[in-house]
Amino acid sequence: MSLAVKNLSYAYGKHEVLHDLSFEIEDGMLVNVLGPNGVGKSTLFKCMLGLLPNYSGEIFVNGKNLKSLNIKERSREIAYIPQTHASIYDFRVLDVVLMSTGNNLGVLATPSESHVNRALDALDRVGVVELSDRPFTQISGGQQQLVLVARAIAQNARTIIMDEPTSALDFGNTVRILSTVRQLARDGLSIIQSTHQPDQAFLYSDKTMVINKGRLHAFAPPKEILTSTLVSEIYKVDIEVNSLYEDRVRVCIPIKEVQER
């Protein structure tokens, strides 16, 4: 079991953001987390990353209690990919990825040839190894996000958490990122990513987690839970879920927009 969350609650002062969440995510599973803004998705991720340690309940990563792990130990279990990454310094792409391989190095130690090869292999796996000597700040947003995926791979963690990884990308780069992430799950990694696009959940995820008002609203394969009623309720718009390609794909259509055309 890659990740197990038991009775997780979290509050900012007296304002409770997460309430009694429990779920398990298996190895090799891609989970999309859906829910409107402000319902606790980012707080959930911060708790799972150990950035908000004062939660109640328990979080186990690969069988280990998260609160028992120090920073270096957590980095061996969980990698994180943010929405965007603003680099202050003009590091090479290879160096950006290489930074993630240091979780088994001592202070002031120099990365070995095996660390460099691991970073290059990760870049090759996501299809951007030719960018290894380019400055990170001088490649496109989509390429940067692929580099961040490579960095997570090179970190060699079994679980990857992604916070809206395609929110700023064009359509082509969105497909490339999500296809790459889906393949990582097929290769045995566990991926948890948030999105505001239910269509992505239908197309790419093994399970979908719906969070609303700080509670776990639903957690199951997307076709079982992402109905027209649920999506309309969560996002407060009238939605119709339609099936395409013999139900291999489903899409969410805003009914009002279609009726007014």
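This is a predicted model: local features need pLDDT of at least 70, side-chain atom pairs count only at pLDDT 80 or more; totals for chains, interfaces and linings use all residues.
C47 is buried, with a relative accessible area of 0%.

- Just after helix 1 comes G50, whose phi is positive at about 80°.

**Cysteines**

- How many disulfides does the model have? The count is zero.
- C252 has a relative accessibility of 14% and counts as buried, because the cut-off for buried is under 20%.
- C47, for its part, has a relative accessible area of 0%.

**Aromatic pairs**

- The model has two aromatic pairs.
- Y10 and Y12 form an aromatic pair, with ring centres 5.1 Å apart and planes at 80°. Angles over 60 degrees count as edge-to-face, so this pair of Y10 and Y12 is edge-to-face.
- Are the two tyrosines of this pair buried or partly exposed? Y10 counts as buried at 11% relative accessibility, whereas Y12 is partly exposed, with a relative accessible area of 38%.
- F23 and F219 also make an edge-to-face pair, with 5.9 Å from centre to centre and 65° between the planes.
- Where in the chain do F23 and F219 lie? F23 belongs to strand 2 (residues 15–25) and F219 to strand 10 (residues 215–220), so the pair links distant parts of the chain, 196 residues apart.
- F23 has a relative accessible area of 5%, which makes this residue buried.

**Charges over rings**

- F219 has another neighbour to look at: the charged end of K207 sits over the ring of F219, 5.1 Å from its centre.
- Which residue lies over the face of Y55? K67 does, at 4.3 Å from the ring centre.

**Helix packing**

- Helix 4 (residues 113–125) and helix 5 (residues 141–154) have axes that come within 8 Å and cross at roughly 135°. That angle makes helix 4 oblique to helix 5, because angles over 145 degrees would be needed for roughly antiparallel.
- The crossing of helix 4 and helix 5 is right-handed.
- Helix 5 also packs with helix 6, at an angle of about 10° and with the axes 9 Å apart. Helix 5 is therefore roughly parallel to helix 6, as angles under 35 degrees count that way.
- Which hand does the crossing of helix 5 and helix 6 have? Helix 5 passes helix 6 in a right-handed crossing.

- P165 is found in the loop between strand 7 (159–163) and helix 6 (171–186).
- P165 is buried, with a relative accessible area of 3%.
- How far is P165 from P36 in sequence and in space? The two prolines are 129 residues apart in sequence, and 16 Å apart in space from C-alpha to C-alpha.

Notes. Residues are numbered from 1 along each chain as its sequence is written. Side-chain values use heavy atoms; hydrogens and water are left out. Rings of Phe, Tyr and Trp (its six-membered ring) pair if their centres lie within 6.5 Å; planes under 30 degrees apart count as stacked, over 60 as edge-to-face and the rest as tilted. Buried means under 20% relative accessible area, exposed over 50%, partly exposed in between (1.4 Å probe, protein chains only). Helices (H or I, at least four residues) and strands (E, at least two) are DSSP runs, numbered from the N terminus. A charge sits over a ring if NZ of Lys or CZ of Arg is within 6 Å of the ring centre and within 35 degrees of the ring normal. A disulfide is a pair of cysteine sulfur atoms within 2.5 Å. Axes are lines fitted to C-alpha atoms, for helices over the stretch in contact, and angles run from 0 to 180 degrees between N-to-C directions. Angles under 35 degrees count as roughly parallel, over 145 as roughly antiparallel, 65 to 115 as roughly perpendicular and the rest as oblique. A crossing is left-handed if the near helix is turned anticlockwise from the far one by less than a right angle, and right-handed if clockwise.
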